[in-house]
Amino acid sequence: MTAATTPKGERRRAALVEAAAKLLVEGGFDAVRHRAVAERAGLPLASTTYYFDSLEELVTAAVEHHSNAELETGRRRLEELATRNRGVQATVELVLEMLLGPETDDPEADAEAVLLRYERLVATGRRPYLRPLMRTLSAQLNELLTEIFARSGTPVSEADLERLVALVDGAVVNALIAVDPAPRAAASRMLQNALDGT
(Lines give C-alpha, C1' and ligand atoms only; values in the text may rest on other atoms or scores of the structure.)
Protein backbone atom coordinates (compact mmCIF):
# COMPACT_ATOMS: atom_id res chain seq x y z
CA MET A 1 0.00 0.00 0.00
CA THR A 2 1.48 3.35 -1.02
CA ALA A 3 0.99 6.56 0.93
CA ALA A 4 -1.44 7.78 -1.74
CA THR A 5 -3.77 4.83 -1.10
CA THR A 6 -3.81 5.02 2.68
CA PRO A 7 -6.85 6.67 4.30
CA LYS A 8 -4.71 9.72 5.10
CA GLY A 9 -3.37 9.83 1.55
CA GLU A 10 -6.87 9.52 0.08
CA ARG A 11 -8.09 12.37 2.31
CA ARG A 12 -5.18 14.58 1.23
CA ARG A 13 -5.71 13.79 -2.44
CA ALA A 14 -9.44 14.52 -2.09
CA ALA A 15 -8.67 17.82 -0.34
CA LEU A 16 -6.38 18.84 -3.21
CA VAL A 17 -9.02 17.94 -5.81
CA GLU A 18 -11.71 19.87 -3.97
CA ALA A 19 -9.42 22.89 -3.58
CA ALA A 20 -8.54 22.79 -7.27
CA ALA A 21 -12.22 22.51 -8.21
CA LYS A 22 -13.07 25.59 -6.14
CA LEU A 23 -10.23 27.56 -7.69
CA LEU A 24 -11.37 26.46 -11.14
CA VAL A 25 -14.90 27.72 -10.52
CA GLU A 26 -13.72 30.99 -8.97
CA GLY A 27 -11.01 31.92 -11.44
CA GLY A 28 -10.87 29.52 -14.36
CA PHE A 29 -7.99 27.32 -15.43
CA ASP A 30 -5.34 29.98 -14.80
CA ALA A 31 -6.25 29.93 -11.10
CA VAL A 32 -5.35 26.24 -10.75
CA ARG A 33 -1.66 26.27 -9.90
CA HIS A 34 0.29 23.95 -7.61
CA ARG A 35 0.93 26.60 -4.97
CA ALA A 36 -2.63 27.98 -4.99
CA VAL A 37 -4.14 24.50 -4.71
CA ALA A 38 -1.83 23.49 -1.86
CA GLU A 39 -2.54 26.72 0.03
CA ARG A 40 -6.31 26.37 -0.45
CA ALA A 41 -6.15 22.76 0.78
CA GLY A 42 -3.91 23.69 3.71
CA LEU A 43 -1.25 21.20 2.60
CA PRO A 44 2.46 21.46 1.75
CA LEU A 45 3.28 22.53 -1.80
CA ALA A 46 5.04 19.22 -2.48
CA SER A 47 1.77 17.35 -1.92
CA THR A 48 0.42 18.43 -5.30
CA THR A 49 3.25 16.75 -7.17
CA TYR A 50 3.25 13.79 -4.80
CA TYR A 51 -0.39 12.91 -5.43
CA PHE A 52 -0.58 14.06 -9.08
CA ASP A 53 1.90 13.33 -11.86
CA SER A 54 1.19 16.66 -13.55
CA LEU A 55 -0.88 19.83 -13.34
CA GLU A 56 -2.97 18.41 -16.19
CA GLU A 57 -3.88 15.40 -14.06
CA LEU A 58 -4.87 17.67 -11.17
CA VAL A 59 -6.96 19.89 -13.46
CA THR A 60 -8.68 16.83 -14.95
CA ALA A 61 -9.51 15.54 -11.47
CA ALA A 62 -10.87 18.98 -10.51
CA VAL A 63 -13.09 19.22 -13.61
CA GLU A 64 -14.40 15.71 -13.03
CA HIS A 65 -15.06 16.37 -9.33
CA HIS A 66 -16.93 19.62 -9.96
CA SER A 67 -18.94 18.23 -12.88
CA ASN A 68 -19.93 15.09 -11.00
CA ALA A 69 -21.09 17.20 -8.05
CA GLU A 70 -23.26 19.29 -10.38
CA LEU A 71 -24.71 16.18 -12.05
CA GLU A 72 -25.53 14.68 -8.65
CA THR A 73 -27.26 17.91 -7.60
CA GLY A 74 -29.23 17.80 -10.83
CA ARG A 75 -30.31 14.22 -10.18
CA ARG A 76 -31.53 15.15 -6.70
CA ARG A 77 -33.41 18.16 -8.08
CA LEU A 78 -34.96 15.94 -10.73
CA GLU A 79 -36.42 13.74 -7.99
CA GLU A 80 -37.93 16.85 -6.39
CA LEU A 81 -39.36 17.87 -9.76
CA ALA A 82 -40.94 14.44 -10.14
CA THR A 83 -42.86 14.86 -6.89
CA ARG A 84 -43.65 18.57 -7.06
CA ASN A 85 -44.38 21.17 -9.71
CA ARG A 86 -43.90 19.88 -13.24
CA GLY A 87 -44.75 23.17 -14.95
CA VAL A 88 -42.72 24.80 -17.69
CA GLN A 89 -41.16 27.30 -15.27
CA ALA A 90 -39.90 24.53 -12.97
CA THR A 91 -38.44 22.74 -15.99
CA VAL A 92 -36.77 25.91 -17.25
CA GLU A 93 -35.23 26.61 -13.84
CA LEU A 94 -33.81 23.10 -13.52
CA VAL A 95 -32.46 23.03 -17.08
CA LEU A 96 -30.79 26.41 -16.55
CA GLU A 97 -29.34 25.24 -13.25
CA MET A 98 -27.74 22.33 -15.10
CA LEU A 99 -26.46 24.49 -17.97
CA LEU A 100 -25.55 27.70 -16.11
CA GLY A 101 -24.95 26.51 -12.56
CA PRO A 102 -27.02 27.28 -9.47
CA GLU A 103 -28.58 30.73 -9.31
CA THR A 104 -27.43 33.11 -6.59
CA ASP A 105 -29.45 35.81 -4.82
CA ASP A 106 -27.09 38.53 -6.08
CA PRO A 107 -27.78 39.29 -9.78
CA GLU A 108 -24.31 40.77 -10.31
CA ALA A 109 -22.58 37.78 -8.72
CA ASP A 110 -24.83 35.44 -10.70
CA ALA A 111 -23.92 37.12 -13.99
CA GLU A 112 -20.23 36.88 -13.07
CA ALA A 113 -20.61 33.18 -12.24
CA VAL A 114 -22.28 32.54 -15.61
CA LEU A 115 -19.51 34.45 -17.39
CA LEU A 116 -16.82 32.45 -15.58
CA ARG A 117 -18.63 29.22 -16.46
CA TYR A 118 -18.67 30.06 -20.17
CA GLU A 119 -15.04 31.18 -20.09
CA ARG A 120 -14.21 27.82 -18.49
CA LEU A 121 -16.17 25.91 -21.13
CA VAL A 122 -14.41 27.71 -23.98
CA ALA A 123 -11.03 27.21 -22.31
CA THR A 124 -11.77 23.50 -21.96
CA GLY A 125 -11.79 23.24 -25.74
CA ARG A 126 -8.19 24.45 -25.80
CA ARG A 127 -7.06 21.59 -23.58
CA PRO A 128 -6.95 18.37 -25.62
CA TYR A 129 -6.19 16.29 -22.53
CA LEU A 130 -9.69 17.11 -21.23
CA ARG A 131 -11.56 16.01 -24.36
CA PRO A 132 -12.17 12.36 -23.37
CA LEU A 133 -13.52 13.42 -19.97
CA MET A 134 -15.65 16.20 -21.48
CA ARG A 135 -17.23 13.77 -23.97
CA THR A 136 -18.21 11.49 -21.08
CA LEU A 137 -19.52 14.34 -18.94
CA SER A 138 -21.41 15.86 -21.88
CA ALA A 139 -23.15 12.54 -22.56
CA GLN A 140 -24.14 12.27 -18.88
CA LEU A 141 -25.46 15.84 -18.88
CA ASN A 142 -27.48 15.19 -22.03
CA GLU A 143 -28.98 12.07 -20.45
CA LEU A 144 -29.97 14.06 -17.38
CA LEU A 145 -31.45 16.90 -19.44
CA THR A 146 -33.41 14.41 -21.56
CA GLU A 147 -34.81 12.88 -18.36
CA ILE A 148 -35.70 16.32 -16.99
CA PHE A 149 -37.71 17.13 -20.10
CA ALA A 150 -39.34 13.69 -20.16
CA ARG A 151 -40.45 13.83 -16.52
CA SER A 152 -41.73 17.35 -17.07
CA GLY A 153 -44.10 16.12 -19.76
CA THR A 154 -42.05 17.63 -22.59
CA PRO A 155 -40.03 14.76 -24.06
CA VAL A 156 -37.35 15.86 -26.51
CA SER A 157 -35.37 14.10 -29.20
CA GLU A 158 -31.59 14.28 -29.36
CA ALA A 159 -31.90 16.93 -32.08
CA ASP A 160 -34.43 18.93 -30.03
CA LEU A 161 -32.13 18.84 -27.02
CA GLU A 162 -29.19 20.04 -29.10
CA ARG A 163 -31.32 22.92 -30.42
CA LEU A 164 -32.54 23.93 -26.94
CA VAL A 165 -29.02 23.88 -25.47
CA ALA A 166 -27.77 25.95 -28.42
CA LEU A 167 -30.64 28.39 -27.82
CA VAL A 168 -29.61 28.81 -24.18
CA ASP A 169 -25.93 29.18 -25.12
CA GLY A 170 -26.77 31.77 -27.76
CA ALA A 171 -28.97 33.78 -25.41
CA VAL A 172 -26.27 33.77 -22.73
CA VAL A 173 -23.46 34.74 -25.10
CA ASN A 174 -25.58 37.53 -26.64
CA ALA A 175 -26.40 38.85 -23.17
CA LEU A 176 -22.75 38.73 -22.14
CA ILE A 177 -21.66 40.53 -25.32
CA ALA A 178 -24.30 43.22 -24.70
CA VAL A 179 -23.06 43.49 -21.10
CA ASP A 180 -26.53 42.43 -20.00
CA PRO A 181 -26.58 42.19 -16.21
CA ALA A 182 -28.96 39.22 -16.39
CA PRO A 183 -27.80 36.54 -18.86
CA ARG A 184 -29.77 33.89 -16.96
CA ALA A 185 -33.00 35.87 -17.43
CA ALA A 186 -32.32 36.17 -21.17
CA ALA A 187 -31.77 32.41 -21.41
CA SER A 188 -34.89 31.76 -19.34
CA ARG A 189 -37.06 33.85 -21.68
CA MET A 190 -35.72 32.10 -24.78
CA LEU A 191 -36.13 28.63 -23.33
CA GLN A 192 -39.59 29.39 -21.97
CA ASN A 193 -40.71 30.68 -25.37
CA ALA A 194 -39.31 27.61 -27.10
CA LEU A 195 -41.06 25.23 -24.69
CA ASP A 196 -44.31 27.19 -24.93
CA GLY A 197 -44.10 26.90 -28.70
CA THR A 198 -44.18 30.65 -29.22
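Let me begin with a term: by a salt bridge I mean a side-chain nitrogen of Lys or Arg within 4 Å of a carboxyl oxygen of Asp or Glu. What we have here is a predicted model, in which local features need pLDDT of at least 70 and side-chain atom pairs count only at pLDDT 80 or more, while totals for chains, interfaces and linings use all residues. Residues are numbered from 1 along each chain as its sequence is written, and side-chain values use heavy atoms, with hydrogens and water left out.

The chain has nine helices and zero strands, where helices (H or I, at least four residues) and strands (E, at least two) are DSSP runs numbered from the N terminus. Taken along the principal axes, the C-alpha atoms fill a box of roughly 60 × 35 × 30 Å.

Turning to the charged pairs, the salt-bridge rule gives a count of 11. One of them joins the side chains of Arg 13 and Glu 57, at 3.7 Å from N to O. Arg 13 lies in helix 1 (residues 7-27) and Glu 57 in helix 4, so this pair ties together parts that are 44 residues apart in sequence.

Next, the end of the chain that holds helix 8 (residues 158-177) and helix 9 (residues 183-196): their axes come within 8 Å and cross at roughly 145°, the axes being lines fitted to C-alpha atoms over the stretch in contact, with angles running from 0 to 180 degrees between N-to-C directions. The contact, meaning heavy atoms within 4.5 Å, includes Leu 164, Leu 167 and Val 168 of helix 8 and Met 190, Leu 191 and Leu 195 of helix 9. By class, this contact has 14 nonpolar, no polar and no charged residues, with Ala, Val, Leu, Ile, Met, Phe, Trp, Tyr, Cys and Pro counted as nonpolar, Asp, Glu, Lys and Arg as charged, and the others, Gly among them, as polar.

Helix 7 supplies the largest share, seven residues, and by class the lining has 15 nonpolar, six polar and six charged residues.
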